[in-house]
Amino acid sequence: MSDFERAAELIKSAKKIAVLTGAGISAESGVPTFRGRGGLWQKYRAEELATPEAFQKDPVLVWKFYDYRRRLISKVEPNKAHRILAEWENSLGNIEIVTQNIDGLHQRAGSKKVVELHGNIWQAICLKENRVFKFKENPIKEFPPKCSECGGLIRPDVVWFGEALDPLILEKAFNLFESADVAIVIGTSSIVYPAAYLPQITKKNGGSTIEINIEETALTPLADFFFKGKASDILSQINNYLS
Ligand code: OAD
């Protein structure tokens, strides 16, 4: 029996599956990752573009960075890896995704049970009214964009470095990985917490972890299965044994 088949058996027999995804799952769609070759944080300084202090200092610069990423994301499509996970939501019925990605590609692929840990790039927060709303203007016409209701300054509804995650969303994610007997971790460097902690909860509770990445990560020594390769290739191989 190959490891792909073994992982498929594990998935078939699972009562509840929690999936954690990171930038690597969207890489094959053409969305740059953060770390490693071609990563955003190789080219740009995170502290100048993705912190509350950076936004306070220069909201135009920060919004231009997000406008660039919004334009890029609006031109790409979900890939096979996103699509297989969406199929599994229908066929297996016991799978939920927690993503660190803000690109919305899981939902575009058809996944409905998606917890967005770090926010969504197509939403904004009015800082005057403290209201979250859909903000799809693309490209953005005026910088910094303002709230259409009250004219106040708005910010992207994303989590920046140094900011706490929404406690309700975090609780949902913790509960999911706590009750799961299988955690599948795809395309994340597993160095940003608390996200990186989630599969460790499943493991501590006696569950199993399956990791998919093009390289080893801090999670790899803990993983029951480590599949080295692109998310779409590995998920396709496992999927062959599921249908
Ligand atoms: P990273 O850029 O840190 O890591 C991407 C991971 O994907 C790496 O481990 C790559 O080896 C792997 N990878 C790349 N291409 C892949 C492919 N085709 N198939 C499978 N794996 C692949 O991205 P994240 O772990 O998502 O947070 O980063 C976590 C957080 O740090 C992000 O949400 C963002 C960032 O700063 C905030 O902005 C708050």
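K64 sits over the face of F143, with 5.0 Å to the ring centre. A charge counts as over a ring here if NZ of Lys or CZ of Arg is within 6 Å of the ring centre and within 35 degrees of the ring normal. All of this comes from a predicted model, in which local features need pLDDT of at least 70 and side-chain atom pairs count only at pLDDT 80 or more, while totals for chains, interfaces and linings use all residues. Residues are numbered from 1 along each chain as its sequence is written, and side-chain values use heavy atoms, with hydrogens and water left out.

W160 also turns up among the aromatic contacts: F34, W41, Y44, F55, F65, Y66, Y68, W160 and F161 make up one aromatic cluster. Rings of Phe, Tyr and Trp (its six-membered ring) are taken as a pair if their centres lie within 6.5 Å; planes under 30 degrees apart are called stacked, over 60 edge-to-face, and the rest tilted. Searching the whole structure on that basis gives 13 aromatic pairs. One of them joins F65 and Y66, edge-to-face, with 5.3 Å from centre to centre and 80° between the planes. F65 is buried at 4% relative accessibility, and Y66 is buried too, at 3% (buried means under 20% relative accessible area, exposed over 50%, and partly exposed in between, using a 1.4 Å probe and protein chains only).

Next come the charged pairs. With a salt bridge defined as a side-chain nitrogen of Lys or Arg within 4 Å of a carboxyl oxygen of Asp or Glu, the search of the whole structure finds nine. Helix α1 (residues 3–13) holds D3 and R6, whose closest N and O atoms are 2.9 Å apart in a salt bridge. These two are three residues apart, so about one helical turn separates them. Both ends of the pair are partly exposed, D3 with a relative accessible area of 39% and R6 at 38% relative accessibility. Helices (H or I, at least four residues) and strands (E, at least two) are DSSP runs, numbered from the N terminus.

K12 and E9 repeat the spacing in helix α1, being three residues apart, about one turn of the helix. Their closest N and O atoms are 3.4 Å apart; K12 is partly exposed at 44%, as is E9 at 34%.

K203 belongs to helix α10 (residues 198–204) and D224 to the loop between β8 and β9, so the contact ties together parts that are 21 residues apart in sequence. K203 is partly exposed at 27%, and so is D224 at 39%. Elsewhere, salt bridges link R45, E47 and E48 in a network.

On to the strands, where two are said to pair if DSSP finds at least two bridges between them. Six of them form an open sheet in the order β3-β2-β1-β7-β8-β9, with parallel pairing. The edges are taken by β3 (114–116) and β9; each has a single partner strand, so one side of each is left without a neighbour in the sheet. On average, neighbouring strands are turned by 15° against each other, direction ignored.

Within this sheet, β1 (residues 17–21) and β2 (residues 95–99) run parallel and are joined by five bridges, L20 having V98 as its bridge partner in β2. Strand β8 (residues 208–213) pairs with β9 in the parallel sense over four bridges, and E211 stands opposite F226 in β9. Strand β9 (residues 225–228) has F225 and F227 on a covered face, with F226 and K228 on an uncovered one. Helix α11 (residues 231–240) lies across β7 (182–186), β8 and β9, running at about 135° to β8. Contact means heavy atoms within 4.5 Å; axes are lines fitted to C-alpha atoms, for helices over the stretch in contact, with angles from 0 to 180 degrees between N-to-C directions.

Strands β4 (residues 119–126) and β5 (residues 131–134) run antiparallel, joined by four bridges. A124 stands opposite F133 in β5. The two strands form a hairpin with four residues between them, and N130 in the turn has a positive phi of about 55°.
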